[in-house]
Structures are given as C-alpha cells and as structure tokens.
Amino acid sequence: ASVPRVLALNKADLSTEWEVKESDLTPFVRDGWTLLKTSAKTGENVEAAFHALGQSIVSSRAGSKP
C-alpha cells in the first residue's frame with residue numbers, strides 16, 4: 001500500500017542559504033512525495049503542508065475501501 005508523504009523544506013525565508021539542490025529532490029518527486037517550501041518564521045506553507053498530508057491520507061483510504 002502507498003504511504004502518503006509530504007516533505008516540508010523548512011526555512012524557506014532562508015532558501016538562498018540552503019545546501020539542498022533541486023536535483024537532490026528529484027527522487028522524492030518521482031516517488032510521489034509532495035514537496036513544500038515552508039517557513040516556521042513567516043508561516044509560509046505550514047498549514048498547506050498539514051492540509052496536503054491530510055488530503056493524501058483521505059484519498060489513499062478512500063481508494064483502499066472494498
């Protein structure tokens with residue numbers, strides 16, 4: 001069974017200082033992960049990350065019912 005996954009890339013407000021390259025994220029995207037750039041400081045995409053995970057869980061459970 002598929003497990004819903006969301007990868008929150010925190011410190012979006014400091015993304016110019018990140019050591020993660022877009023190419024490092026490609027395998028996650030290919031495997032169906034939802035990637036969101038988040039910031040605890042500004043609140044950017046924090047709620048969206050939880051919403052995306054919740055939607056993925058609901059969708060996966062709805063698809064597994066007989």
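Reader: Which two side chains meet in a salt bridge, and at what distance?

Author: The side chains of Lys37 and Glu22 meet in a salt bridge, with 3.9 Å from N to O. The pair joins distant parts of the chain, since Lys37 sits in strand S2 and Glu22 in helix H1, 15 residues apart. As for the general idea, side chains of opposite charge can pair when their charged atoms come close. Bear in mind that this is a predicted model.

Reader: How many salt bridges does a search of the whole structure find?

Author: The search finds one. That one is the bridge between Lys37 and Glu22.

Reader: Is Glu22 buried or exposed?

Author: The cut-off for exposed is over 50% relative accessible area. Glu22 has 56% relative accessibility, so Glu22 counts as exposed.

Reader: How many aromatic pairs does the count come to?

Author: The count comes to one aromatic pair. The rings belong to Phe28 and Trp33, and their centres are 5.1 Å apart.

Reader: Why is that pair called edge-to-face?

Author: The angle between the ring planes decides, and over 60 degrees counts as edge-to-face. The planes of Phe28 and Trp33 stand at 75°, so the pair is edge-to-face. Both residues are partly exposed: Phe28 has a relative accessible area of 31%, and Trp33 has 23%.

Reader: What does Arg5 touch, leaving out residues up to four places away in sequence?

Author: Arg5 touches Trp33, Thr34 and Leu53. Trp33 is also a member of the aromatic pair. Arg5 itself lies in the segment before strand S1, which covers 6-9. With a relative accessible area of 36%, Arg5 is partly exposed. There is also a distance to note: Arg5 and Gly54 are 49 residues apart in sequence, yet 9.9 Å apart in space from C-alpha to C-alpha.

Reader: What is the phi of Asn45?

Author: The phi of Asn45 is near 60°, again a positive value in a residue other than glycine. Asn45 lies in the loop between strand S2 (34-37) and helix H2 (46-64). With a relative accessible area of 30%, Asn45 is partly exposed.

Reader: In what order do the elements of the chain run from the N terminus?

Author: They run β-α-β-α. That makes two helices and two strands. The radius of gyration of the chain is 14 Å, well over the 11 Å that the globule rule gives for 66 residues, so the chain is more spread out than a compact globule. Along its principal axes, the C-alpha trace spans about 50 × 25 × 10 Å.

Reader: How much of the chain counts as buried?

Author: Of the 66 residues, 12% count as buried. The accessible surface comes to about 5,200 Å², and carbon and sulfur atoms make up 54% of that surface.

Reader: What share of the contacts with a separation of 6 or more comes from residues 24 or more positions apart?

Author: Such residues account for 58% of those contacts.

Note on methods. Residues numbered from 1 in each chain as written. Predicted model: local features only at pLDDT ≥ 70, side-chain atom pairs only at ≥ 80, totals over all residues. Heavy atoms only, no water. Helix = DSSP H or I, 4+ residues; strand = E, 2+ residues; numbered from the N terminus. Buried < 20%, exposed > 50% of the residue type's maximum accessible area, 1.4 Å probe, protein only. Contact = heavy atoms within 4.5 Å. Salt bridge = Lys/Arg side-chain N within 4 Å of Asp/Glu carboxyl O. Phe/Tyr/Trp six-rings, centres within 6.5 Å; stacked < 30°, edge-to-face > 60°. Rg over C-alpha atoms; globule rule 2.2 N^0.38 Å. Areas by Shrake-Rupley, 256 points an atom, 1.4 Å probe, with all protein chains shown as cover.
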